[in-house]
Amino acid sequence: MGRPGLNRRQLLTMMGGLTVAGSFGFAALGTGADALASGADTRVRYWNLFSGGDGYNMIAMLDSFRKDNPGIEVKDSTLQWGSPFYTKLAMAAAGNRAPDLGVMHLGRVTGFSPGRLLDPWDVELLAEYGVKEADFNPELWKRAVVDGRLYALPLDIHVQLCFYRKDVLKKAGLLGADGRIVPVTSVDTWFDVLKEAKAAAGKGLQTIGMWSADQNFQWWFFVAFYTQLGGTWFDDANTEVTFDTDKATQVLEFLRRHITDGYANPDFAGGAGAEQFVNGGPFVWEGNWSVPVFDGAGIDYGAIPLPPVFGRQATHAESHAFVLPHQSGRGGAADEGAHRLAAYIVRHARQWAAGGHIPAHTPTLSTAAYRKLDPQNEYVSAMDHQATEPKVWFAGSTGILAQRVGPVVVSSTMGSARPDAAARAMKSTLTQLLASKNPMDGRTAAQGGAAA
């Protein structure tokens, strides 16, 4: 994971180019992935985008699978996170050179032309391997269904969290009897908390790191708080924009206030928020993938979903999910092996939870082992109040929606645009995107089968 605040995305960006197993992939992390295991009669080719701590956890799970399933050899490759991964996966599926199993962010599935670039899962076969719909949060499962068929098998949800320093908050009188942050249920309460925490923190430290100039994080935070207000994006048919500019303005004003009131320093680079947190800053808003970083720093901290300042619990969530890239001749032993492998990892996600992610397999969440994980047990409730992007082809992690609207949110947070003007610009962009066609299949959102 590198230094605090340097997440797997930044690390891969700095390295540049396409990263595959053997350079920065599983071959560098665990057992040799390129050699066919002696005695194995089935090979499953598996592409993923996990590096850093996620990569180490995944290779440990793959090694467990290999031990328990000696007849199946997994040939795994780790590719660069983000657009390069999706481009390569799409080209492989279109050219009938796709792997047997892949990983995608769930929000990108609708735009990946299910039925053309993705094959549906055999839910009966998954059930034989111990994975069934009843073991998942209903809304999470619903997001994985397109045109009545399951096109993604969720592995986790990864959420945006409010990390807090217990030592600073204790000094400020902001910890309850349970040793956790006092409840925050309104905008005024939140800023009162920030005021008290700032007074208790060391001089020169930022009160809260919130990635003020990062288009992805600012977009994720916007999605969370806009959902708390009950905001919507489009009608059920995806033909009309229902985006509420008044609610959007409220959220944008809230985000901007962190800077104008002196709690967030706009001059700090995004990663500096995590560094300030490690050095004694009271708060940082970060993804749950930062849990191993802060654990490694040896600080006393807690983590909750983004505070429900608008009265409703909701924090931004995405999901890593297994997919079956299209193969013209899909079936047979390799396909069954892909089903077996995906089901195995989903059911054995305790290792995966160590990286901060919330396992999608709900029986895992009720185990004694998971309940002992700290701070994971403090934010596991996020599974039941996920704030997600709309289910349209241009949404999802690193998708067009974030690329187009994220900078608008940043312009408001940083003060170069008025919140109300930014809200109107966001609605205009949403209108343009709704009418545009998916380059994967030439269909608009209304024609793309986004309804589950």
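Buried residues have under 20% relative accessible area, exposed residues over 50%, and partly exposed residues lie in between (1.4 Å probe, protein chains only). The model is predicted: local features need pLDDT of at least 70 and side-chain atom pairs count only at pLDDT 80 or more, while totals for chains, interfaces and linings use all residues. Residues are numbered from 1 along each chain as its sequence is written, and side-chain values use heavy atoms, with hydrogens and water left out.

**View 1. Salt bridge between Arg257 and Asp261.** A salt bridge is a side-chain nitrogen of Lys or Arg within 4 Å of a carboxyl oxygen of Asp or Glu. Here the N to O distance is 2.8 Å. Asp261 is partly exposed at 35% relative accessibility, and Arg257 is also partly exposed, with a relative accessible area of 29%. The whole structure holds 11 salt bridges.

**View 2. Further salt bridges, including that of Asp335 with Arg330.** The side chains of Asp335 and Arg330 meet at 2.7 Å, N to O, and both residues are buried. In the salt bridge of Arg418 with Asp420, the closest N and O atoms are 3.2 Å apart. Arg418 is exposed, with a relative accessible area of 59%, whereas Asp420 is partly exposed at 25%. Salt bridges that share partners also join Asp63, Arg66 and Asp76 into one network.

**View 3. The largest nonpolar core, with Leu153 and Phe322.** A nonpolar core is a set of buried Ala, Val, Leu, Ile, Met, Phe, Trp, Tyr and Cys residues joined through side-chain atoms within 4.5 Å. The largest one has 81 residues, and Leu153 and Phe322 have the most contacts inside it. Helix H13 (residues 332-347) gives the most to this core, with 7 residues. Helices (H or I, at least four residues) and strands (E, at least two) are DSSP runs, numbered from the N terminus. Contact means heavy atoms within 4.5 Å. Beyond its neighbours within four places in sequence, Phe322 is in contact with residues including Tyr46, Trp121, Leu153 and Ile345. Another core, of 66 residues, lies apart from the largest one; among its members are Ile208, Trp220, Ala387 and Val409.

**View 4. His316 in strand E12 (residues 315-318).** His316 is buried, with a relative accessible area of 2%. Neighbours within four places in sequence aside, its contacts are His158, Val159, Gln160, Trp220, Val223, Ala224, Ala387 and Glu389.

**View 5. Strand E3 (residues 101-105).** Because 5 of the 5 residues of E3 are buried, the strand is largely enclosed by the rest of the structure. Leu101, Val103 and His105 point one way from E3, and Gly102 and Met104 point the other way. Two strands pair if DSSP finds at least two bridges between them. Strand E1 (residues 42-48) runs parallel to E3 and is joined to it by 2 bridges, with Trp47 having Gly102 as its bridge partner. Strand E13 (residues 320-325) runs antiparallel to E3, with 4 bridges, and Ala321 of E13 stands opposite Met104.

**View 6. The largest pocket, about 880 Å³.** On a 1 Å grid over the protein atoms alone, a pocket is an open set of points where a 1.4 Å probe fits, with protein on both sides within 12 Å along at least five of seven lines; lining residues have an atom within 4 Å of a point. Grid points are joined across faces, edges and corners, and the volume is the space filled by probe spheres set on the points. Of the 30 lining residues, Glu139, Thr388, Glu389, Pro390 and Lys391 are the closest to the centre of the pocket. Helix H6 (138-143) supplies the largest share of the lining, 4 residues.
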